[in-house]
Amino acid sequence: MNPMTNVKNIQKLSERELELGVSDRVSWHNQYKDSAYIFIGGLPYDLTEGDILSVFSQYGEIVNLNLVRDKDTGKSKGYGFLAYEDQRSTVLAVDNLNAIKLLKRTIRVDHVTDYKKPKEDERDDEVTKKIRDTGVAPTIPEPTQPSTSSNNSADSERTGKKLKPKLKPDPDEVQIRDGKSSESTAGRKKNHRPDVEIKTEKFDPDDHENSKSSRSGSKHGSQRRPEK
């Protein structure tokens, strides 16, 4: 069958299902639910793997790509196979990218039932071998926590000053929490208290009687006598 006929048939199926509002269970895409690969045909020969990734990655995360090339010349043959991380992305790619034009060429995008991994060849370049073995999915490195020494060295490089190492506090000078004062705090408060000199005198009973009689005499003398 003519490749352009396949492109038109796929396009008609997708448009018909869109008009009828067919559910996913009865859709023609459902028979390919176990395969995350799609076939891409009619590609311009100048396109590279990076160009294909930039076009098809808008509908999902791509994990593998096999752009078929000539073993002797290394030139693209104009078709390839692509795998998505999520199988549902294949439905979006077939419905939206089939029959589009890339560099004035109409491409065909269709499902693949059983994808067979290509056999290894000695003439394959390093890029093709790496893609075949590890795929094209992005790898995110695990975050590492920097050590304290590296942080201090980085700070010293930015400021141009050497940072002094932090010393452990003396347990005798650590203040007690919950409103209680430490020994050092209590000592400081005691030193700031002013010194008061208290004089002590011995008790003399004779002086006490003399002072008592003098007070009583002055009291009687101050009283006025009544007039006759």
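Is Y115 buried, partly exposed or exposed? Y115 is partly exposed, at a relative accessible area of 22%; here buried means under 20% relative accessible area, exposed means over 50%, and partly exposed is in between, with a 1.4 Å probe and protein chains only. Before going further, please keep in mind that this is a predicted model, in which local features need pLDDT of at least 70 and side-chain atom pairs count only at pLDDT 80 or more, while totals for chains, interfaces and linings use all residues. Residues are numbered from 1 along each chain as its sequence is written, and side-chain values use heavy atoms, with hydrogens and water left out.

Let us start with the overall layout. The protein has 7 helices and 6 strands, where helices (H or I, at least four residues) and strands (E, at least two) are DSSP runs numbered from the N terminus. Read from that end, the order of elements is α-β-α-β-β-α-β-β-β-α-α-α-α. Of the 228 residues in the protein, 24% are buried. The exposed surface comes to about 19,100 Å², with 50% of it supplied by carbon and sulfur atoms; these areas come from the Shrake-Rupley method with a 1.4 Å probe, and for residues only the protein chains shown count as cover. Taking contacts (heavy atoms within 4.5 Å) with a separation of 6 or more, 59% are between residues 24 or more positions apart.

Now back to Y115 and its ring partners. The structure holds 5 aromatic pairs. Rings of Phe, Tyr and Trp (its six-membered ring) pair if their centres lie within 6.5 Å; planes under 30 degrees apart count as stacked, over 60 as edge-to-face and the rest as tilted. The pair of F81 and Y115 is tilted because the ring centres are 5.3 Å apart and the planes meet at 55°. F81 belongs to strand β3 (residues 76-84) and Y115 to the loop between β6 (108-111) and α4 (126-134), so this pair ties together parts that are 34 residues apart in sequence. Ring pairs also join Y37, F39, Y79, F81 and Y115 into a cluster.

Next comes the interior. A nonpolar core is a set of buried Ala, Val, Leu, Ile, Met, Phe, Trp, Tyr and Cys residues joined through side-chain atoms within 4.5 Å. The largest such core has 21 residues, and I38, L43, I52, F56 and L82 have the most contacts inside it. Two or more of its residues come from each of β1 (37-41), α2 (49-56), β2 (62-69), β3 and α3 (88-97).

T90 lies in helix α3 and is buried, with a relative accessible area of 0%. In strand β3, G78 is also buried, at 6%. With residues up to four places away again set aside, G78 touches I40, G41, G42, L43 and Y45. G78 and G42 are 36 residues apart along the chain, and their C-alpha atoms are separated by 5.6 Å.

S57 sits in the loop between α2 and β2 and counts as partly exposed at 39% relative accessibility.

A99, in the loop between α3 and β4 (101-102), has a positive phi of about 75° although it is not a glycine. K104, in the loop between β4 and β5 (105-106), likewise is not a glycine and has a positive phi of about 70°. A99 is partly exposed at 23%, whereas K104 is exposed at 81%.

Finally, consider the largest pocket, with a volume of about 460 Å³. Its lining has 19 residues, of which D24, S27, H29, V91 and D95 lie nearest its centre. α1 (3-20) and α3 each supply at least two lining residues. On a 1 Å grid over the protein atoms alone, a pocket is an open set of points where a 1.4 Å probe fits, with protein on both sides within 12 Å along at least five of seven lines, and lining residues have an atom within 4 Å of a point. Points are joined across faces, edges and corners, and the volume is the space filled by probe spheres set on them.
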